[in-house]
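Please explain the terms applied to the aromatic side chains of this model, setting each value against its definition.

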Amino acid sequence: MGLGKQKKTPSLKPNKNGFWKRLSKQKALILMSLPFVLWLIVFKYIPIGGWVMAFQDYKPQFGLLEQKWVGWEHFKDLFDEPMFYRALENTIGMGVLGLVFGTITAIGFALLLNELRFITFKKWTQTISYLPHFVSWVIVANIVITMLSQDGVINNLLMGLGIINNPIAFMSNPDLFWGIVTAADVWKETGWNAIIYLAAMAGVDPQLYEAAKVDGASRWRQMWHITLPSIRAVIIVLLILNIGNLINIGFEKQMLLGNNIVAEKALVIDLYALDYGIGMFRYSFGTAIGIFKSVVSIILILICNGFAKRIGEGRVF
C-alpha cells in the first residue's frame, strides 16, 4: 500500500491577520458607531459608579470616598414607606396598560399599513403617524387637557351626540387618570412603535401570500395565518424588552397631566424619587430607588427571556 500525500488538516487557531483585515474594511462603520458607543459609556456605564451613594449618607460638601457608610439603611427606609408602595402600584398599573394597548395598537396599525396598496397614501399616513413621537410631552399634555376640559372638544362631541347631558370632569376624576395617560401615550407613540413591525412584515416571503390566494384565503386570513406568525419572533423580542422597562415609564406625562386632585393616582416611582429623593436633598435615598428599578428590570428581562427560550420562541439572548 503506497503512501499517498497526506491531507492538510485545517488549523483550529484563529486567523489573526484575517480578523484585522476584516476590521480594516469596516473602518467607516466603526467611526460612525464610535460617538454612540462613547455616549453609552459616558451616560450609562460611568454613572453606575455613583451607586455607592445608596450605601452612604451622602453630603455634597464631602468627596465620594469621604462619606459616612450606612449599609442597607436607605433600602430599609424605602420598603418601610407606604408612599413607595402606592407609587409602585401606579407605576405597574400604567406600565401594564401601556404595554398591552401600546403593543396591540402598534401591531394593528402596522398590519393595516402593510395591507395598503396605494403607495402615496401609505407614505403620507406613515409620515403623519410618526410626527407625534417628536412632539414634546408639554405640548401633548396641553392638547389633552384642552380637549378633555369641560368645554373641550370631547365633552362637546359627547353632548352633541346625546350620550351625556352634562360635561364630564375628566381631569378631576382619579379613576380615569390611568386611562387618560395610556390613551395619550398610545396616540403619541403608535406610529413610531409600528416601524419595527413594518420592517419585519416587509421581509415576509411574497410566495406565501400567493399560495394563500390560490387556496382562497381572504386578506384577513392572510394576516392571521401568514403575517402574524412570520413576525412572531420580533413581537416576542420587543415584548421582552418592553416588559423589562415596565417600571421605567418616566414621570413627564404623569407630572404634566396630573393635578392635586389626582395626585395619588399620578405618583409613579420616578416622580417619587424626584420629589422625595432629590427634591428633599436625599440623594442617597433617590439612588436606592434607582438601584431598585434597575434590579427589577433585569429580573423581569431574565424571567421573560428564559420563558421564551423554554418555549422555543424569539429571545434577546
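The questions below concern aromatic pairs, accessibility and charges over rings.

This is a predicted model, in which local features need pLDDT of at least 70 and side-chain atom pairs count only at pLDDT 80 or more, whereas totals for chains, interfaces and linings use all residues. Residues are numbered from 1 along each chain as its sequence is written, and side-chain values use heavy atoms, with hydrogens and water left out.

Q: Why is the aromatic pair of Tyr58 and Tyr283 called edge-to-face?
A: Rings of Phe, Tyr and Trp (its six-membered ring) pair if their centres lie within 6.5 Å; planes under 30 degrees apart count as stacked, over 60 as edge-to-face and the rest as tilted. The centres of Tyr58 and Tyr283 are 6.1 Å apart and their planes stand at 90°, so the pair is edge-to-face.

Q: Why is the aromatic pair of Trp72 and Phe75 called tilted?
A: The distance is 5.3 Å centre to centre and the angle between the planes is 55°, which is neither stacked nor edge-to-face and therefore tilted.

Q: What makes Phe75 buried?
A: Buried means under 20% relative accessible area, exposed over 50%, and partly exposed in between (1.4 Å probe, protein chains only). Phe75 has 8% and is therefore buried, whereas Trp72, with 57%, is exposed.

Q: How do you know that the charged end of Arg282 sits over the ring of Phe285?
A: The criterion is NZ of Lys or CZ of Arg within 6 Å of the ring centre and within 35 degrees of the ring normal. Arg282 is 4.0 Å from the centre of Phe285. Lys265 likewise lies over the face of Trp178, at 4.9 Å from the ring centre.
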